[in-house]
Amino acid sequence: MWNPLAPAKDPWPIALALEQEARRHGVFLHLPAHGRGRAWAGDRLRHQLPWKLDLPELPALGGPLVSDGAIAASQQRLANCVGAERSWYGVNGASGLLQAALLGAVPPGGRVLLPRNHHRSLLHGCLLGNLEPIFYAPPFDQASGLAQPLPAQWLGQLLNQVGPIALLVLVSPTYQGFAADLTALVAIAHGKGIAVLVDEAHGAHFSFASNLPTAAVAAGADLVVQSLHKALGGLAQTAALHLQGRRVQLEQLERALLWLQTSSTSALLLLSAEQAVARSSSAPGRCQLQVCLKQAGDLAAALQREGVPLLQNQDPLRLIFHSALWGLSGIAADEWLMARGIVAECPEALTLTFCLGLAPVAPLSRPLRRGLRQLKRLQGSALPLRPLQAPPFPAVAQLQLPLAEAWRLASINLPLAEAEGRIAAETICPYPPGIALLLPGERLDRARIDWLQQQLLLWGGQIADTVKVLA
């Protein structure tokens, strides 16, 4: 088994510092309360590695916002690996770093252009920073029910229509592995003097393979947030934020990070973040990624030969099963497969996404193919599900009421059918994928209500038949 603390020719700083601390003898009168595992005396877990490495911000370690120490050195090495000027680890997931990026890049009251398929954490960031979100609708594929990448030719029109903004947010790749032409999109925004934040939560591995789409940093984005546990094998909650250029002030960004990141950063999570990057950027790690990509391509080809409908995307490590063609929602297909030990990642109205990750793909191939063959026989000649009605979103939309007011004013619950003309006071957001169907401050017109009622039928128990509206 790979050990991040095993001797290496070129050890990364956090791993080296923690290895030295784990071997240190002394009287330790610091937090955490387990006292480097001594509190577990007599328990068989006491001698396990995590307890010895769960350390506070000792001088040799430092912290994500401290200029000296192993963590600072590791973050600079991370920046060098991906081509950024500065990088920070985060242990509150990509969500926390997306919010810090918003607050660091946009002054209070500033206008931010967000895609409708943004992750809900970005909306929460606008609330925290008293920012004005404006929403653009990306292309929507009715056959699959999935948002598509924003075409570069759309962006200029959107920016002309929306007026002055402080920041453009792009999501690439999406949960399902659809990637945009970031180089073209960033160039258009920069041509108008607009900074760009890319939510690259699902694409950290793009930096380490030339046969994957261009990574956001390489495409010139000013700010990039990556989820290391989604794409590079770090522990859950680990993420990274990258900065380049002069459109975002370093001091403002670090202040926002100070506000939104814990002051008791887990050394274990930081070690996991560092080693995920260390492994991915090494020659063995790059080779491992290529093997996984090859095996993923082979698996997709085998499934398609057996009649399994897969959607085309730009990330081979995300397989999108178009379950609607077999007469099943992705949610129903997920429930059936899970009962047989096959656990997918993202069930949606008409699709089910499998995330293959960096573990060997070959051992997964046989049980997945067998399960899908059984499901196909069970469905027999079932009719395909109908395409979805496109959401009634205008190309560019603003909230009818400021987000902070809609979130905090008194509200009541109404049946959805009775809410026409009212202002929404809550988010309706199935999770996964965490994409909002309704936002606080939006007006519920008849087209929106009809569309939401269709969504109720598709998402099962994930959406209530009532909605919270302003009193």
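1. Contact of α10 with α11. R279, S280 and S281 in α10 meet A283, P284, G285, R286 and Q288 in α11, where contact means heavy atoms within 4.5 Å. By class, the residues of this contact are two nonpolar, four polar and two charged. In this classification Ala, Val, Leu, Ile, Met, Phe, Trp, Tyr, Cys and Pro count as nonpolar, Asp, Glu, Lys and Arg as charged, and the others, Gly among them, as polar. Helices (H or I, at least four residues) and strands (E, at least two) are DSSP runs numbered from the N terminus.

2. Basis of the model. The model is predicted: local features need pLDDT of at least 70, side-chain atom pairs count only at pLDDT 80 or more, and totals for chains, interfaces and linings use all residues. Residues are numbered from 1 along each chain as its sequence is written, and side-chain values use heavy atoms, with hydrogens and water left out.

3. Geometry of α10 and α11. Two packed helices are described by the angle between their axes and the distance between the axes. For α10 and helix α11 (residues 283–305), the axes come within 4 Å and cross at roughly 80 degrees. α10 is therefore roughly perpendicular to α11. The axes are lines fitted to C-alpha atoms, for helices over the stretch in contact, and angles run from 0 to 180 degrees between N-to-C directions. Angles under 35 degrees count as roughly parallel, over 145 as roughly antiparallel, 65 to 115 as roughly perpendicular and the rest as oblique.

4. α1 against α10. The axes of helix α1 (residues 13–22) and helix α10 (residues 267–281) come within 8 Å and cross at roughly 140 degrees, so α1 is oblique to α10. The crossing of α1 past α10 is left-handed; a crossing is left-handed if the near helix is turned anticlockwise from the far one by less than a right angle, and right-handed if clockwise. On the α1 side, P13, I14, A15 and L18 meet A267, L270, L271, E274 and Q275 of α10. This contact of α1 with α10 has seven nonpolar, one polar and one charged residues.

5. α12 against α13. Helix α12 (residues 330–338) and helix α13 (residues 362–379) have axes that come within 11 Å and cross at roughly 120 degrees, which means that α12 is oblique to α13. α12 passes α13 in a right-handed crossing. A333, W336 and L337 in α12 meet G371, L372, Q374, L375 and L378 in α13. The residues of this contact comprise six nonpolar, two polar and no charged.

6. Largest pocket. The volume of the largest pocket is about 840 Å³. On a 1 Å grid over the protein atoms alone, a cavity is a set of points where a 1.4 Å probe fits but cannot get out, and a pocket is an open set with protein on both sides within 12 Å along at least five of seven lines; lining residues have an atom within 4 Å of a point. Grid points are joined across faces, edges and corners, and a volume is the space filled by probe spheres set on the points. The pocket is lined by 44 residues, of which N117, A147, E348, P433 and I435 lie nearest its centre. At least two lining residues come from each of α4 (93–105), β5 (146–147), α8 (228–231) and α15 (446–459), and α4 gives the most, with four residues. The lining divides into 26 nonpolar, 14 polar and four charged residues.

7. Cavities. The structure holds two cavities of 30 Å³ or more. The largest cavity contains about 90 Å³ of space and is lined by 13 residues, of which Y136, Q148, P149, L150 and V171 lie nearest its centre. Its lining has nine nonpolar, four polar and no charged residues. The second largest cavity has a volume of about 50 Å³, and its lining consists of I14, L55, P56, E57, L61, G62, I71, T265, A267 and L270. These lining residues divide into seven nonpolar, two polar and one charged.

8. Backbone points to check. Most residues other than glycine have a negative phi, and most peptide bonds are trans. The peptide bond from S172 to P173 is cis, with omega near -5 degrees; P173 is in the loop between β6 (167–171) and α7 (182–191). N130, which is not a glycine, has a positive phi of about 55 degrees and is placed in the loop between α5 (120–129) and β3 (132–136). Q237, also a residue other than glycine, has a positive phi near 90 degrees and lies in the loop between α8 and β9 (239–243).
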